[in-house]
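Have a look at the model first, then read on.

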There are 2 protein chains.
Amino acid sequence: MTSKKRQQLVDTAIELFYAHGFHGVGIDRIAEAAHVSKKTMYHHFRSKEELILAALKHRDSLFRNNFMKAVEAAADTPRERLLAVFDVAQAWFSDNKFYGCMFINAVGEYAEPDTAIRAACKNFKRQMLAYIEELAQDAGLERPKQVAAALSILLEGSTVTAQVSENPDCARIARHAAEVLVEQALPGPRDRPPSLSPDSPV
Amino acid sequence: MTSKKRQQLVDTAIELFYAHGFHGVGIDRIAEAAHVSKKTMYHHFRSKEELILAALKHRDSLFRNNFMKAVEAAADTPRERLLAVFDVAQAWFSDNKFYGCMFINAVGEYAEPDTAIRAACKNFKRQMLAYIEELAQDAGLERPKQVAAALSILLEGSTVTAQVSENPDCARIARHAAEVLVEQALPGPRDRPPSLSPDSPV
DNA sequence: GACATTCTATACAGATCGGTTTACATTTGC
DNA sequence: GCAAATGTAAACCGATCTGTATAGAATGTC
């Protein structure tokens with residue numbers, strides 16, 4: 001059973017690191033905000049890096065869980081879900097506590113390769129890509145991996161564009177682009193009209 | 001005339017900030033690496049933030065200049081240039097000193113809105129988008145602004161994907177997606193075959 | 001050669017960094 | 001009631017942070 005104090009620390013660490021960066025937030029600040037003494041904090045995490053790793057790991061599972069649930073709630077058919085990814089993203093971008101992707105931000109601060117922090121970030125991205133590949137497969141697309149890779153790039157791009165340009169609506173642009181790519185990857189006759197046709201049998 | 005020492009400081013600041021983050025590099029380290037004393041450094045820049053701003057500004061003009069030159073050298077026709085953007089990006093990603101987009105990294109560390117640093121980053125992205133819009137316009141596409149926004153998102157997405165996943169080849173995926181989007185935005189009959197046709201008159 | 005200027009190296013100030021330790025309060029088990 | 005255990009706040013450590021000030025070397029000018 002994970003301790004309650006430990007969870008408070010991880011939750012607070014996620015919030016502060018996400019909003020102010022990893023180098024920008026000190027241990028003291030996290031301990032104080034979490035109402036935990038530094039001593040007990042160092043009882044649960046032997047270093048700042050371990051706290052960062054715990055925060056990233058928890059953020060990973062929490063974020064992907066919420067993301068998948070939101071996608072599944074937003075659409076029923078596999079193909080609609082593939083596009084609903086961008087609706088969910090738009091809602092995320094519109095949160096007033098949206099500061100981009102925490103893992104991209106982490107890599108921006110910790111660029112050295114072959115470190116535990118980078119590995120956690122790479123792993124998050126790999127799992128997000130795997131989820132999109134699964135959706136693309138279920139949607140019965142041709143070359144699902146390639147299409148999923150393109151949709152993943154659109155998702156990353158809209159995330160950083162929303163972050164830097166403070167414009168959540170770029171998710172709509174990404175969705176339109178995704179529609180074209182998905183349409184073009186549908187099996188069957190190639191020269192169909194560009195409008196979305198009703199579900200074809202898979 | 002900009003002083004030589006000043007330029008050394010800016011160049012060194014760009015290199016170190018880009019590789020290790022803004023909070024991760026101190027004033028002393030930059031002054032030492034630039035072979036400039038702290039005193040003369042504070043003669044040219046009254047604070048670290050001013051040095052950061054000068055570094056971002058110089059990086060902005062340098063990067064966009066090199067990028068545009070590389071695109072123009074890589075292709076002759078407007079439509080080919082629109083796609084050559086991703087070839088240039090791929091070469092950039094393959095540099096062993098590639099650490100993602102410096103401006104995205106900056107926003108990840110300085111999230112507070114309405115600051116000079118954020119304004120510099122937003123401005124860079126705005127100018128990059130304007131350049132892509134210009135290419136889209138010259139290529140004679142329908143809805144050039146919307147296509148340019150999508151291509152910009154693809155560019156941002158491939159940049160962060162190359163950064164986090166250490167895979168420069170995602171530029172190729174982005175290029176393929178861009179080809180589909182450009183093809184779909186060409187004026188004239190809609191149901192042409194998916195292969196790229198030779199230049200149509202604009 | 002004398003002098004003002006400009007650079008340097010370096011020490012310093014005060015704050016904060018990550019991390020440890022100390023002293024005390026609170027809870028717990030018996 | 002009492003001791004062991006666990007929590008706390010807070011001082012403390014050395015290092016580093018941004019920013020300033022000092023002392024001396026190099027430079028240029030007359």
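The surface near DNA strand C is made up of three nonpolar, five polar and four charged residues. Nonpolar here covers Ala, Val, Leu, Ile, Met, Phe, Trp, Tyr, Cys and Pro, charged covers Asp, Glu, Lys and Arg, and the others, Gly among them, are polar. "Near" asks for a heavy atom within 4 Å of the strand.

This is a predicted model, where local features need pLDDT of at least 70, side-chain atom pairs count only at pLDDT 80 or more, and totals for chains, interfaces and linings use all residues. Residues are numbered from 1 along each chain as its sequence is written, chains are lettered from A and ligands numbered from 1 in the order in which they are written, and side-chain values use heavy atoms, with hydrogens and water left out.

**Around the DNA**
- Both chains supply neighbours of DNA strand C, including A:Lys38, A:Lys39, A:Tyr42, B:Lys5 and B:His35.
- Helix 3 (residues 38-44) of chain A gives the most to this surface, with three residues; helices are DSSP runs (H or I, at least four residues), numbered from the N terminus.

**Phosphate contacts**
- A side-chain N or O atom of A:Lys48 lies 2.5 Å from a phosphate oxygen of DNA strand C.
- On chain B, a side-chain N or O atom of B:Thr40 is 2.9 Å from a phosphate oxygen of DNA strand C.

Note on methods: Polar contact = N/O pair within 3.5 Å; in protein donor to acceptor, adjacent residues only side chain to side chain. Helix = DSSP H or I, 4+ residues; strand = E, 2+ residues; numbered from the N terminus.
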